Every structure is written in structure tokens, then in C-alpha cells.
Amino acid sequence: MKICVLDALTVGTDIDLSPLSECGELVIYNLTAPEEVAERIKEVDVVITNKVVLNESNLKDASSLKIIALLATGYNNIDIEYAQKRGIAVANVAGYSTESVAQHTFAMLLHMMEHLGQYDEYVKSKAYSDSETFTYIAWPYHEIKGKRLGIIGLGEIGKAVARIGEAFGMEIVYYSTSGKNNSGSKYQRLSLEELLQSSDVVTIHAPYNNKTHELIGYEEIKQMKKSAYLLNLGRGRIVVEKDLAKALNENLIAGAGLDVLENEPITKENPLFTVVDQNKLLITPHIAWASVEARNVLIQEVIANIKAYERGESRNRIV
């Protein structure tokens with residue numbers, strides 16, 4: 001089989017993609033512009049992609065194409081209806097980044113709660129060298145033991161975050177964005193309003209859909225404790241960024257950590273750049289999923305999906 005990877009750069013340059021050649025003749029492109037897609041996939045049997053949009057306009061001449069193997073869980077960039085009409089299989093990868101995202105959640109939280117950036121800057125500026133005492137407590141911080149962790153979206157990642165929170169001695173509550181998740185009796189399920197009002201940390205691990213679109217805006221943030229932190233590791237459009245910027249400038253919450261944004265990469269006009277005290281805001285460039293271990297698992301899962309297709313199995317098949 002002929003195989004091409006359209007956007008290898010999205011999984012990093014440190015990950016070995018050569019094992020994909022186990023499945024056939026492999027061509028790797030770092031990135032593929034929209035106008036390049038049709039030509040690059042015209043004669044291949046397998047397309048491997050993360051974020052490249054594939055639809056009727058660029059798939060119609062790919063007469064040999066048998067399967068689209070995604071380097072991701074989400075498949076909103078694929079025209080599923082057209083793929084199904086053409087008999088092109090689509091397979092995603094789920095669950096590979098659960099521990100990575102959960103770890104990053106607490107890395108962000110602890111960095112902000114303990115003001116590590118400010119303390120590090122204080123020492124490296126050599127101001128600490130002139131201190132009259134051995135310690136310098138300019139930015140008081142609190143222990144997370146005994147604090148309430150409110151999780152929006154208690155899927156596999158949400159549950160992993162809950163386990164870590166429990167290990168820290170936190171009280172776990174959650175809000176189900178689908179309205180269907182009861183999670184037995186282990187954690188208390190609250191309404192969104194109850195969760196926002198009572199949680200010391202609110203962390204989002206929900207998918208983006210009609211129910212979560214702009215779920216957290218100014219009015220919702222106003223309900224939170226002034227000492228609370230908001231984290232979004234779900235999808236960017238779940239939080240209204242201009243409202244978050246306004247809330248942070250009005251000191252409505254203690255801080256916010258974002259790994260996902262409405263537009264990625266972030267635009268230079270993003271309202272989050274207007275937050276006056278940037279120490280209240282921590283933003284990472286959509287890297288929570290991307291531990292080395294998670295990305296290696298991702299490649300192995302893609303290989304397994306392609307081989308399963310060849311055997312006629314439906315492993316991770318969407319269509």
C-alpha cells in the first residue's frame with residue numbers, strides 16, 4: 001500500500017515515524033497546504049493526518065484511497081458523510097493522551113497557585129541576593145489539600161484528573177455536559193451553577209459541541225469564588241476569551257490556565273493579551289496531549305488501525 005503523512009510536524013520532530021513503513025510505502029510531508037492536498041493524496045491507499053481538512057473537493061480524485069488514519073481523537077476536519085458515500089474508512093485514536101493531559105492539568109494549576117514564575121524571576125533577578133532573610137513570601141499560596149476540585153466533563157481524562165486530585169486530598173465534584181454521566185456514587189454530580197459557586201478549582205475536560213459552545217462566559221465566571229482558578233484543557237470555544245480577559249482584569253477569579261484556544265495558533269489580536277496582570281494567566285500552546293509517551297502510543301495506534309483495516313476488522317473505525 002502507498003501511504004502518506006500530510007502533517008507530520010504536528011506530532012513533533014522528536015518522534016520516529018519510520019515504524020509506519022511497516023504498513024507500506026511511506027511518504028512523509030511536514031505540512032500540507034490546502035491547495036496541495038489533492039495532488040498528494042491522488043494515488044495513495046492510506047492518508048495519515050492530524051488537522052488537514054479532507055472533503056469532497058480534495059478527495060474526489062483520490063481513486064485509490066481506502067482509509068484515512070487520524071493522528072487524533074477528533075475527526076471534525078473530515079467530511080464523514082462523503083467518506084462513507086465513497087466507502088473510505090476513517091479511524092481515529094482515543095485514550096492515548098489521558099495521563100498526559102491529566103499531568104499537564106496539575107502542572108498548570110500548581111505553577112499558578114504557588115506563583116512559581118514570580119518566585120523564579122525574583123531569585124534570578126538577583127533581588128534575593130539582597131534579602132535580609134532566608135525566605136521571601138511576597139506571594140502567599142495555599143495547599144490544595146481539602147480544596148474542592150470541580151470537573152466539567154467526567155470522561156476518561158476527567159476521571160484521571162479526579163484520581164490525581166484525590167491523591168492530593170481534594171474533594172471531587174463534577175458537572176456532566178451531556179447530562180447523562182452519573183459516574184455511580186463515587187463523585188458528587190452538581191449543576192453547573194453549584195459547581196462554579198462552590199469549587200476552588202474548576203477544570204474543563206469536555207468535548208466541544210452545541211451544549212458546550214461558550215459554556216463559560218462572563219456571567220458564569222462571576223459566580224466563581226474570587227480565590228478560584230479556572231483551567232481549560234478541553235476545547236477553546238468552551239470559554240469565551242474576551243469574557244475571561246474582562247473577568248481577570250476585574251479580579252473576579254485568582255487566575256486561569258488555558259491549553260486550548262478559540263483560534264490555534266493564537267491571533268495577535270486575541271483579547272487575552274489585554275489582561276493587565278499576566279501572572280494571572282497561564283497559556284500553553286495546545287501541548288497537554290503531547291508527552292513523548294503519548295505521541296509514541298499515538299503512532300503505534302495508527303499502525304494498529306491500518307493493520308486492522310487490512311484484516312477487515314473495525315478497530316477504532318468511525319465509518
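## Val 302 and the nonpolar cores

In this predicted model, Val 302 touches Leu 20, Ile 48, Ala 69, Leu 70, Leu 71 and Val 93, leaving aside residues up to four places away in sequence. Val 302 belongs to the largest nonpolar core, which has 48 residues. Together with Leu 20, Ile 48, Leu 71, Leu 149 and Ile 151, Val 302 is among the residues with the most contacts inside that core. Helix H4 gives the most to this core, contributing seven residues.

Another core, of 31 residues, lies apart from the largest one. Its members include Ile 216, Tyr 218, Ile 221 and Val 239.

## The seven-stranded sheet

Seven strands form an open sheet with parallel pairing, in the order S8-S7-S6-S9-S10-S11-S12. Its edges are strand S8 (188–189) and strand S12 (281–283), each of which pairs on one side only. Helix H4 (residues 98–113) packs on the sheet, where it touches strand S6 (148–152), strand S9 (201–204), strand S10 (229–232), strand S11 (255–258) and S12. The direction of H4 makes about 150° with that of S10.

## Strand S9 and its neighbours

Strand S9 runs parallel to S6, to which it is joined by four bridges. Opposite Ile 204 of S9 stands Ile 152. Four bridges also join S9 to S10, and these two strands again run parallel. In this pairing, Val 202 has Leu 230 of S10 as its bridge partner.

## Helix H6

Helix H6 (residues 156–167) lies across S6, S7 and S9, and runs at about 175° to S6. The helix has twelve residues and reaches 17 Å from its first C-alpha to its last, close to the 16 Å expected at 1.5 Å a residue.

Within H6, the buried residues are Gly 158, Ala 160, Val 161, Ala 162 and Gly 165. The buried residues of H6 pack against H4, S6, S7 and S9. Gly 169 follows the helix, with a positive phi near 85°.

Methods:
Residues are numbered from 1 along each chain as its sequence is written. This is a predicted model: local features need pLDDT of at least 70, side-chain atom pairs count only at pLDDT 80 or more; totals for chains, interfaces and linings use all residues. Side-chain values use heavy atoms; hydrogens and water are left out. Two strands pair if DSSP finds at least two bridges between them. Contact means heavy atoms within 4.5 Å. Axes are lines fitted to C-alpha atoms, for helices over the stretch in contact, and angles run from 0 to 180 degrees between N-to-C directions. The expected span of a helix is 1.5 Å times one less than its number of residues. Buried means under 20% relative accessible area, exposed over 50%, partly exposed in between (1.4 Å probe, protein chains only). A nonpolar core is a set of buried Ala, Val, Leu, Ile, Met, Phe, Trp, Tyr and Cys residues joined through side-chain atoms within 4.5 Å.
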